[in-house]
Amino acid sequence: MEWKGSGEMPAKQYEILALIMRYWFVLLILYIFVRSLFSTVRYLSSVKATAQESTGNIPFILVLFALTAFILLSLKDELNVLALLMGILVCSTFLFQYLFLCYLFKGMDRYLLLMVDTLCIVGFIMLQRLQPDLAFRQVEWFGLGSIFLLLTVLYIKFFKYWDKLNYPLMVISIGVLVLTLAIGKEMGGAKNWIQVWKYNLQPSEFVKIILVFVLSADLKTKKSRVERLPILLFTAIIILLVVLQKDLGAAFLYFCLFVFLYYIATSDLFIVAGASLMASIGAVISYYLFGHVRTRIAAWRNPWADVENRGYQIAQSLIAIASGGWIGLGLGLGSPYVIPASKTDFIFAAICEEMGILTGISIIGLYLMIMARGVAIALKAKRPGDTLLAMGATISLAVQSFTIIGGVIKLIPLTGVTMPFVSYGGSSMLVSWGLLGIIQGIAIKNAGGNQDDPEQQRSEQEKGYHGSEED
């Protein structure tokens, strides 16, 4: 087999190369996964272990993974110089971000940052495969998200009175959601988008990060149920507003975030049981009110009953995952275009099809380790507010990650949320990095010792739940 013309590789040669390279990609991802796993086990099992452990050659391995994937994609059909440049852009942006943040913040959890960067790079590669212009825009969002992480870390580290902004944040959240309901654009069955200049933004994503701050500020001190009424009403109102937008995925995330964080802080089963009952009633009402909810439930129960219509998405997703096998069909050799929303909701199925179930399991493992490190960082925090902030950010990322993966593999009904750090979506990318910034901010505070005002710290601990004699 020979090259037929200038810069064009025959399809057969590309197929052989992609089939060989799939072993290489699985090997590199497994290496990153195993190294991260050993580090996480050490971090969780030893009180002396710190988040600043050396990451060794993982950044180099990640660059190798990205470069070889983009070089392979550049050889498909004909030599694509833009794909090569994209690979260089991805690697240089990742290296600059990683080295700059680690240099700037000595206490940053490097493994946590690298695991998230790995997820982002897998997403860039798959978007380059599916729609190159979206991959470029996703790198832009990656850069903006890294800046958002930087600002969030600085906010957590230096702004000591963030809890004083609770009521303004509540008003802003409700105002933004009402505005979306009034003038928002409807996409995918939900009226939850607002166009700002040339970008479509999803305000409910940004309210999610505000909810983490508001709940943490309110729950860090002891209060009676009556005194909790403002935060209970606020949570109920924003859940109602996103339900009215038909954004049931956001409603589910808000509810889970509230229930988990509220129970962790108060152990108040009465409120948690009452909220769960109300949510169950709301879910039943939504089922009868919204046609797309009935469609998703029917597709979840039996996608093969109406595989041409209602069950098409989930059926194609399952077929794609199964056809990929353990090591995938090879990058560029699958048929991800037949999977609806393969660039957003169903990108996990597209990854499994071309990069294999082993890569999919590694991705799930990376999410699990991100959650484990987030919880460990929260438990090592010295102030109740910091513990709840890190726990809230971790819960939010965990619920969103496993909600969409569970939907794609038919474990639960689809909810229409994105896969954090992997799916295409600017709002999701920015907010996910903001949530990571909260966790990293607390990790940096833990590593540097508590530099806050001792009097304020003592006051919070006396009013908070942690270490209180009444608990």
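Me: What should I keep in mind about the model and its numbering?
Reply: This is a predicted model, in which local features need pLDDT of at least 70, side-chain atom pairs count only at pLDDT 80 or more, and totals for chains, interfaces and linings use all residues. Residues are numbered from 1 along each chain as its sequence is written, and side-chain values use heavy atoms, with hydrogens and water left out.

Me: Why is H12 called roughly parallel to H13?
Reply: The axes of H12 (residues 312-324) and H13 (residues 347-355) cross at roughly 25° and come within 6 Å. Angles under 35 degrees count as roughly parallel, so H12 is roughly parallel to H13. Axes here are lines fitted to C-alpha atoms, for helices over the stretch in contact, with angles from 0 to 180 degrees between N-to-C directions.

Me: Which residues make the contact of H12 with H13?
Reply: Ser317, Ala320, Ile321, Ser323 and Gly324 of H12 meet Ala349, Cys352 and Glu353 of H13, where contact means heavy atoms within 4.5 Å. By class, four are nonpolar, three polar and one charged. Gly counts as polar, Ala, Ile and Cys as nonpolar, and Glu as charged.

Me: What makes H3 roughly antiparallel to H4?
Reply: H3 (residues 81-104) and H4 (residues 110-130) pack at about 165°, with axes 11 Å apart. Angles over 145 degrees count as roughly antiparallel, so that term applies to H3 and H4. Their crossing is right-handed.

Me: Which residues of H4 take part in the contact with H3?
Reply: On the H4 side they are Arg110, Leu113, Leu114, Asp117, Ile121, Phe124 and Gln128, and their partners on H3 include Phe94 and Tyr98. The contact divides into eleven nonpolar, two polar and two charged residues.

Me: Why is Lys246 called partly exposed?
Reply: Lys246 has a relative accessible area of 32%. Buried means under 20%, exposed over 50%, and partly exposed in between, with a 1.4 Å probe and protein chains only, so Lys246 is partly exposed. Lys246 is found in the loop between H8 (229-244) and H9 (248-266), and its phi is near 65°, a positive value in a residue other than glycine.

Me: How do you know that Lys410 is partly exposed?
Reply: Lys410 has a relative accessible area of 27%, so Lys410 counts as partly exposed. Lys410 lies in the loop between H15 (384-408) and H16 (426-447). Phi of Lys410 is near 70°, a positive value in a residue other than glycine.

Technical notes:
Helix = DSSP H or I, 4+ residues; strand = E, 2+ residues; numbered from the N terminus. Parallel < 35°, antiparallel > 145°, perpendicular 65-115°, else oblique. Left-handed = near helix turned anticlockwise from the far one by under 90°.
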